[in-house]
Amino acid sequence: MSYYNTNNETGSTLKISWDKTSKQKKLIYSIFADGSVFAPHQVEQILKSRYDVSYPLTSVRRAITDLTAENFLVKTDLMVNGNYGKKVHTWRLA
């Protein structure tokens, strides 16, 4: 499950949240489909430019973490400059 129900949603509100996070995860996975390697902030930029959607960086990171835990993505040793001048890891298809 991709939605972490920390605010105790129920019923149709919870289902909508599950559906949204599932859609986010599928879209984020598709970005890696060509075998490229990306950091979370790069995925966020691709979502905006290619799909005209804006997800919070925390949601992008959550999706990448879930996809990694599900063995769809793997964290690489390749690091790139992040948004705040620090090196950040990248991910690729498993």
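A residue counts as buried under 20% relative accessible area, as exposed over 50%, and as partly exposed in between, with a 1.4 Å probe and protein chains only. By that cut-off, buried residues make up 36% of the 94 residues in the protein chain. The model is predicted: local features need pLDDT of at least 70, side-chain atom pairs count only at pLDDT 80 or more, and totals for chains, interfaces and linings use all residues. Residues are numbered from 1 along each chain as its sequence is written, and side-chain values use heavy atoms, with hydrogens and water left out.

**Overall layout**

- The protein chain has 3 helices and 2 strands, where helices (H or I, at least four residues) and strands (E, at least two) are DSSP runs numbered from the N terminus.
- Along the sequence, these elements follow the pattern α-α-α-β-β.
- The accessible surface of the protein chain comes to about 6,000 Å², and 54% of it belongs to carbon and sulfur atoms; areas come from the Shrake-Rupley method with a 1.4 Å probe, and for residues only the protein chains shown count as cover.
- Contact means heavy atoms within 4.5 Å. Of the contacts in the protein chain between residues at least 6 apart in sequence, 43% join residues at least 24 apart.

**Nonpolar core**

- A nonpolar core is a set of buried Ala, Val, Leu, Ile, Met, Phe, Trp, Tyr and Cys residues joined through side-chain atoms within 4.5 Å.
- The largest such core has 15 residues, and those with the most contacts inside it are I28, F32, V43, L47, V60 and I64.
- Helices α1 (11–31), α2 (40–51) and α3 (57–69) each supply at least two residues of this core, and α3 gives the most, with 4 residues.
- In soluble globular proteins, nonpolar side chains tend to be buried together.
- Not counting residues up to four places away in sequence, F32 touches F38, V43, L73, W91, R92 and L93.

**Strand pairing**

- Two strands pair if DSSP finds at least two bridges between them. Here 6 bridges join β1 to strand β2 (residues 87–93), and the two run antiparallel.
- L73 has L93 in β2 as its bridge partner; both L73 and L93 are also among the residues that F32 touches.
- The hairpin of β1 and β2 has 5 residues between the strands, and G85 in this hairpin takes a positive phi near 80°.

**Salt bridges**

- A search of the whole structure finds 2 salt bridges, each defined as a side-chain nitrogen of Lys or Arg within 4 Å of a carboxyl oxygen of Asp or Glu.
- One of them joins the side chains of K25 and E70, at 2.8 Å from N to O. This pair links distant parts of the chain, with K25 in helix α1 and E70 in the loop between α3 and β1 (73–81), 45 residues apart.
- K25 counts as buried at 13% relative accessibility, whereas E70 is partly exposed, with a relative accessible area of 31%.
- E44 forms a salt bridge with K48, and their closest N and O atoms are 4.0 Å apart. Both residues lie in helix α2, 4 residues apart, about one turn of the helix.
- E44 counts as buried, at 15% relative accessibility, whereas K48 is partly exposed, with a relative accessible area of 43%.

**Surroundings of E44**

- Leaving aside neighbours within four places in sequence, E44 is in contact with Y55, P56, L57, V60 and N83.
- Of these contacts, V60 is also one of the residues with the most contacts inside the largest nonpolar core.
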